[in-house]
Amino acid sequence: MNAAPRSALLHAASFFPLAGFALAIAVVVAADSPPRLAPTDLPGLRHTDEFFPGARYRADVPTQASLLGFAHGDRAATAAEVEKCLKAWTAAAPERSRLVEYARSHENRPLHYVVVTSPANLQRLDDIQRDLARIADPRQTDPAEAEAIIARSPAVAWLAYTIHGDETEGSDAALAVLYHLIAGEDEAVAKLREDLIIIVDPLMNPDGRDRFVKMIAENRGAVPNVDDQSLIHSGYWPYGRGNHYLFDLNRDWLWLAHPETRGRVREVAKWNPVLFVDAHGMGSQDTHLFSPPREPVNPHLPVARKEWGERFARDQAHAFDRHGLVYYTGEWHEEWYPGYSDAYVSYRGAVGILYEQARVAEDGVRRPEGRILSYRESVQHHVIGSLANLLTAQAQAKDLLRNLWKTRRAACDPEGPYGQRTFAVLPHPNRTRVEDFGRLLQQHGIEVLRAKTEFTVPAATDQLGRQIHDVSVPVGTLLIPNRQPLGHLIAAMLEFDPRFSADVLKDERRDLLEKGRSRIYDTTAWNLTMMFGLPALTLTQHVAELTEPWAPAELPARLAADQPAPVAYVFDGADDRSVVAAARLMERGVRPRVTDKPFRFDGQDFARGSVVITTLDNRLFTGDLRGAVSATAAELGLSAVPVVSGLGAGDLPDLGGRHFRLLEPPRIALFSRGALSSTDYGSIWYALDHRLAVRHSHLDESATHDLRRYNVLILPERWGAAGAAWEGALKEWVRAGGTLIAIGGSANALMAEKAEFSRVRNLPDVLPRLADYELTILREWLGRSGALPALDAVWSHRATPSLQFPWQFIEGAHPDEKELKKRDAWQSLFMPQGALLAARVDTNSWLTLGCAEWLPVMAGRGPVLMAADGVEAPVRYGYLVETAKETAASEPEASEKPAPDDRAQKENGNRTETKKEQKKEPPRVGWSALPQGTEMHLRMSGLLWPEAAHRVANSAHLTRESFGRGQIILFANSPTFRAATRGQERLFLNAVVYGPGLGASAPLKP
């Protein structure tokens, strides 16, 4: 790029960084301005190779340069510039292209794809879609019908780019590919259009891209920059990777939290592509990666996926070889998690292919070998791969269509792996969560049934891995038969406990021990029923009879206007949206209460956590109380139940008692920037916006603020240290009555002993005092379990000569501090990459309103929270069950049983004592003993090494403690992870909405 155009670009970008103006805008420079020095020559910066040498194009289809003022790959186009090209090209060639807007981003930017095909195909697109839908559902087609459809149908190839906004090369490559496909006049291009329907989705994340392009413009200098550490290449907080809410959209394919993903999944289901390319960028000093992946690969990926991946890779490699380029496959790329773009479509029967190109933001980047990789060359690498994959899809189109039909047919085989399995989500009072779960599956195209009557199945497995026999399935149970066309996807989403192979475990353990890092690229667990916190079973048979298609329940009737005035209105607390109702009512000026115990009014039962609006509390409310309650109920699809008497049945609470606690309106601020995690910040922001829909503020943690305006402050996960001044301001604010919520690394910063803030500690800091924490575990259990000493001793008139203490059954003290430190350092190497654990719940805590006695919790590499006396631990890792109560479930399979110590000694050839002579081992799991007569369920799904299990067992996931007039609430790991952990999210919503009224004794005044 020479000096004059770059100067014009610099000035234009400073005024219109995102407006999509062509670079031909004239820049007026005053006559007396000093002349600018041209940058010195930088060999290798300009990449002059043509993308499609010798290609011929239609003159009436405008070039990108004529539309935008710069050619393909000269710089990153904005979202508006991409849209301008799409509209111009499809308008110029309507007989071979069609523009489709499939979604709008959170910032109201359109998302488009372009269909490119021959005029004959374009005229019968609807018929082609119907034919492909019949192939995709083999229950509608026998082999002869399927072959007839395959013979007359073109295959659909989908090319998608830039799902991460700062991986900009993809969208510019998409523009080059699209222009070539639409305007190309060569016979080879015409044949591509005839044999395929090509869908190009050029920009999957317009909000993130425009945020990053703005960063490029802000940091663009007068001379080219080839240092990839410079801000022009790296960007700054919150970077451009995520969408508006900073979510990684390439992890959202399962959860469909965002409009970009929902629209894309809907269109993929409509088109049934046989090829799906997902073009990314990676580290600037890397080269180029493409599929297939290495192990671990999810066991439910269709078996043909590997062979097809290798076939496409061979052709792509040959194309790169012809250009003298270097590349690799596998290495860090694995497909265990099914929520990546290329993996997700593979479960649907397509061949998913990932590209990762060394990322350049602008100009170029100097590489380790000394040469400069220009932005234009980086774009070209995606172009080469895209065309190579299209040519393979063209050559194999009929076989790829057969593969789609065979994959779906295998999923429907009664004798196949999915033929006799049904996932059952049991009836649950949390209607919002159940219906969101059912709708999510339906959005994926999965068939969901409902049990019309109760029936019995001979065997089932629960989420804790227990085998249950003669299981009664209640009316209203959601049933998802695995035997249906999307059976592979269903299995990947809903199977409770998929496992790595022994070889994968060996490789993972070797890397942990030798390199101190995991080989696993993402979370190892994601089961949808567990993430939603819904009880479920796996039934060992296909269930179709005695069922009906599931549909969300009808919305409850609105409050009658002519009904006599009640003493109160009640929103049942079992539903997550009861918390939302409380928040919205408080924003409307209504004063609600919340109950910490279940109750019964007017013959109707209500759960603890129910929200109660009394007429007495709201006698000063100037609006229409009935109207406010009715409007809130209608907005949320909830029932607001009027009650005429506040007398509780029997010993249950009465309306005027202490169990109905008045709430204080939350005034919420969320900290951002600095060393805080942008993704965790984004997930909390999303929860506040989309779950609660309440007003709140975002604060820069490095700035000074008047914190008295708020009574709830939220600190997301943190990657760096916090400043002393920041801690000091927070301390004073909490002492004055604030509710401080901190997550992960931010919680860890508050726990440091030198901070003199939270009394919670990280495990390594309390190793010399483990006996104190162990005693806390025993006290909690004995208190909650209702265990009593012998009644004869309680009522004896004489003092008994002996007394038992709960710690006396524990044989042996903890090792000395040196040994404990050594053990903890070893165990910390094996902390989970993301596993679902069973956590026990204190149902007497207001933080757990809406929760049952145990909860699936996503655990990662966060701090190990140690809570002793003076700190509440409403949720701890490890669900304790009295062994006498386990009679309903059988023992785990022999392959799952841990070997007893004597067996392990025998296998090691070290058994020298008889069983009778052996010293009894202390009944500890990690640092704490199990209470007598109990066993612990911990791992539910995902990889949890025994070393990590013993480290986290009995530690707290959630803590609460008083600090002055306020309170500190800590989460070990993110409760709003990917907007997917709905069970954990309820804990967070409780903390935010109920905290000022239930935990802080003197709420702050603004």
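Visitor: Leaving aside neighbours within four places in sequence, what is Trp 826 in contact with?
Guide: With those neighbours within four places set aside, Trp 826 is in contact with Leu 513 and Glu 947; please keep in mind that this is a predicted model.

Visitor: Which helix is Trp 826 found in, and is Trp 826 buried or partly exposed?
Guide: Trp 826 belongs to helix H27, which covers residues 817-828, and because its relative accessibility is 43%, Trp 826 counts as partly exposed.

Visitor: How far apart are Trp 826 and Trp 719 in space?
Guide: From C-alpha to C-alpha, Trp 826 and Trp 719 are 22 Å apart in space, and in sequence they are 107 residues apart.

Visitor: Let's turn to aromatic pairs. How many does the count come to?
Guide: The count comes to 33 aromatic pairs. One of them is formed by Trp 89 and Tyr 179, a tilted pair with 5.4 Å centre to centre and 55° between the planes.

Visitor: What does the pair of Trp 89 and Tyr 179 tie together?
Guide: Trp 89 lies in helix H3 (residues 79-92) and Tyr 179 lies in helix H7 (residues 169-183), so the pair ties together parts that are 90 residues apart in sequence. Both Trp 89 and Tyr 179 are buried.

Visitor: And Phe 599 with Phe 606, is that pair stacked or tilted?
Guide: Phe 599 and Phe 606 form a stacked pair, with their centres 5.1 Å apart and 25° between the planes. Phe 599 counts as buried because its relative accessibility is 1%, and Phe 606 counts as buried as well, at 4% relative accessibility.

Visitor: Which residues form an aromatic cluster?
Guide: One aromatic cluster is formed by Trp 332, Trp 336, Tyr 337, Tyr 340, Phe 500, Tyr 521 and Trp 526.

Visitor: Switching to helices, at what angle do H16 and H30 pack?
Guide: Helix H16 (residues 431-443) and helix H30 (residues 982-998) pack at an angle of about 145°, and their axes are 12 Å apart; H16 passes H30 in a right-handed crossing.

Visitor: Which residues meet there?
Guide: On the H16 side, Thr 432, Arg 433 and Asp 436 meet Arg 982, Gly 983 and Arg 986 of H30. The residues of this contact divide into 4 charged, 2 polar and no nonpolar.

Visitor: Now the backbone. Where are there cis peptide bonds?
Guide: A cis peptide bond joins Ser 291 and Pro 292, with omega about 15°, and a cis peptide bond also joins Glu 295 and Pro 296, with omega about 5°. Pro 292 is in the loop between strand S6 (288-290) and strand S7 (294-297), while Pro 296 is found in strand S7.

Visitor: What is phi near for Leu 246 and for Asp 602?
Guide: Phi of Leu 246 is near 65°, and phi of Asp 602 is near 50°.

Methods:
Residues are numbered from 1 along each chain as its sequence is written. This is a predicted model: local features need pLDDT of at least 70, side-chain atom pairs count only at pLDDT 80 or more; totals for chains, interfaces and linings use all residues. Side-chain values use heavy atoms; hydrogens and water are left out. Rings of Phe, Tyr and Trp (its six-membered ring) pair if their centres lie within 6.5 Å; planes under 30 degrees apart count as stacked, over 60 as edge-to-face and the rest as tilted. Helices (H or I, at least four residues) and strands (E, at least two) are DSSP runs, numbered from the N terminus. Buried means under 20% relative accessible area, exposed over 50%, partly exposed in between (1.4 Å probe, protein chains only). Axes are lines fitted to C-alpha atoms, for helices over the stretch in contact, and angles run from 0 to 180 degrees between N-to-C directions. A crossing is left-handed if the near helix is turned anticlockwise from the far one by less than a right angle, and right-handed if clockwise. Contact means heavy atoms within 4.5 Å. Ala, Val, Leu, Ile, Met, Phe, Trp, Tyr, Cys and Pro count as nonpolar, Asp, Glu, Lys and Arg as charged, and the others, Gly among them, as polar.
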